[in-house]
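This report covers the domains, the contacts between them, and a few local features of the backbone. Please keep the structure open while reading.

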Amino acid sequence: MKVLIVGGGGREHAIAWKISQSPKVEKLYCAPGNAGIAKVAECVDIGVMDFEKLVAFAGEQAIDLVVVGPDDPLAAGAVDAFENAGIRVFGPRKNAAILEASKAFSKDLMKKYNIPSAAYETFDSPEAALAYLETAPMPIVLKADGLALGKGVLICSTREEAKEGVKTLMLDKQFGSAGDRIVIEEFMTGREVSVLSFVDGKTIKIMTSAQDHKRAKDGDQGLNTGGMGTFSPSPFYTDEVDAFCRKYVYQPTVDAMKAEGREFKGIIFFGLMLTESGPKVLEYNARFGDPETQVVLPRMKNDIVDVFEACVDGTLDQIELEFEDNAAVCVVLASDGYPEHYDKGYKIDGLDRFDGQDGYYVFHAGSRFDKDGNIVTNGGRVLGVTAKGNTLKEARENAYKATEWVEFGNKYMRHDIGKAIDEVGVVM
């Protein structure tokens, strides 16, 4: 098979690495890719939103399967473009990717089909939102309706903060048109858990659980980011939680989308909050999470191409997902100053330390080759250093050991990925 991946971040590197292990695959391309992806795939200089060029390339190369990674091209109809050209593609069509592309849509869907989630109101005007906040209980959550690189969520402790948040989203347009409409949601407390799943339109298969760390600084301080690190599995995702979610969240979501005429094929990422009154949906994503993918796929035993094809063909019920009985931790090495201002172009040293190291991985999120062929930094999140271990504690120790193998000029990371589990008395 010839396979094309659309994307160029850490998630796509993890997907490319996993696909490259399939005996079915003879040639792997990635558009646009990055310096790390270039080790396992041929990178093609086409942007993720240039559907015309992507479709033309897939046709010229007789691509057998396309895998679309990021949220923006999915929301804009990349899958539809490939399908219209008769090219097999893994991912949700535009009318199904709305599950992530519009917070208002997903909240309305959960309400209509009794899928447990936080109480909410939707607003198209800042005046109406500000009036609502005058009497709303605090703390409260503000969400940009559209896609905002995983950063369009504001948790506001006070009324003043909430009003400032409305200004940030709707008037200052910090996230552009994503803030034309906002969702104001009750603040839920509990443990957050991420659960990825494969869906073929009717059947859903759950992957192993994970837990992300969104804030930029240790102790969950600082600004929201795309994710500073993650671990898998989550010790808080118990058999009881799994049974509840399968009955009241996972299958009902797939069935709801089908009932709405928006059959979903691809990945549904469930962001869950384990509240005192039971698990509730925080958010849906319509693609692999980043950096959750970097800890989930190294633990997956299946040939991922088999699973992708089953989702496309509607035969997922014939697949049994299998995961290793171990743990994985990913620590993101970022550019100091991320998610605000940071410098790029620093040479990255030590990447060769990962070659031939079983259970240690480095997934490139923001890297490129300079004119001399050196790999240099090219983003806020630069690398995802992932390691496995028999326990979460061991995986964490291994991951942090491996972060020391890599150096670049403004290297920055959190030092507490997974650490909080020790503090609540859960054996890692």
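Helices and strands here are DSSP runs, numbered from the N terminus; a helix has at least four residues and a strand at least two. The model is predicted.

## Backbone points

Start with alanine 62. Alanine 62 sits in the loop between α2 (51-60) and β4 (65-68). Its phi is near 55°. That is a positive value in a residue other than glycine.

Two cis peptide bonds come next. One joins alanine 31 and proline 32, with omega about 0°. Proline 32 belongs to strand β2. The other joins aspartate 290 and proline 291, and here omega is about 25°. Proline 291 falls in the loop between β16 and α10.

## Domain layout

The domain assignment divides the chain into domain 1 (1-90), domain 2 (118-184), domain 3 (189-316) and domain 4 (327-423). Domain 1 and domain 4 have C-alpha centres 24 Å apart.

How much area is buried between domain 1 and domain 4? The figure is about 750 Å², and carbon and sulfur atoms give 64% of this area. On the domain 1 side, His13, Trp17 and Ala35 lose the most area to domain 4. Together these three account for 51% of what that side buries.

In residue terms, 11 residues of domain 1 are in contact with 10 residues of domain 4. Polar contacts across this interface come to 6 residue pairs, both partners at pLDDT 80 or more. The side of domain 1 that touches domain 4 has 4 nonpolar, 6 polar and 1 charged residues. The interface also holds 1 salt bridge.

## Salt bridges

Side chains of opposite charge can pair when their charged atoms come close. The structure holds 29 salt bridges. One of them pairs glutamate 42 with lysine 27, where the closest N and O atoms are 2.7 Å apart. This pair links distant parts of the chain. Glutamate 42 is in strand β3 (residues 42-43), and lysine 27 is in strand β2 (residues 27-32).

Another salt bridge joins aspartate 355 and lysine 39. Their closest N and O atoms lie 2.9 Å apart.

## Aromatic pairs

How many aromatic pairs does the rule count? The count comes to 15. Take phenylalanine 198 and phenylalanine 288. Their ring centres are 6.1 Å apart. Planes over 60 degrees apart count as edge-to-face. The planes of phenylalanine 198 and phenylalanine 288 are at 85°, so the pair is edge-to-face.

Which parts of the chain does the pair of phenylalanine 198 and phenylalanine 288 tie together? Phenylalanine 198 lies in strand β10 (residues 191-200). Phenylalanine 288 lies in the loop between β16 (278-285) and α10 (293-296). The pair therefore ties together parts that are 90 residues apart in sequence.

Conventions:
Residues numbered from 1 in each chain as written. Predicted model: local features only at pLDDT ≥ 70, side-chain atom pairs only at ≥ 80, totals over all residues. Heavy atoms only, no water. Domains from an automatic or database assignment. Contact = heavy atoms within 4.5 Å. Buried area = accessible area lost by both parts, 1.4 Å probe. Salt bridge = Lys/Arg side-chain N within 4 Å of Asp/Glu carboxyl O. Polar contact = N/O pair within 3.5 Å; in protein donor to acceptor, adjacent residues only side chain to side chain. Nonpolar A, V, L, I, M, F, W, Y, C, P; charged D, E, K, R; others polar. Phe/Tyr/Trp six-rings, centres within 6.5 Å; stacked < 30°, edge-to-face > 60°.
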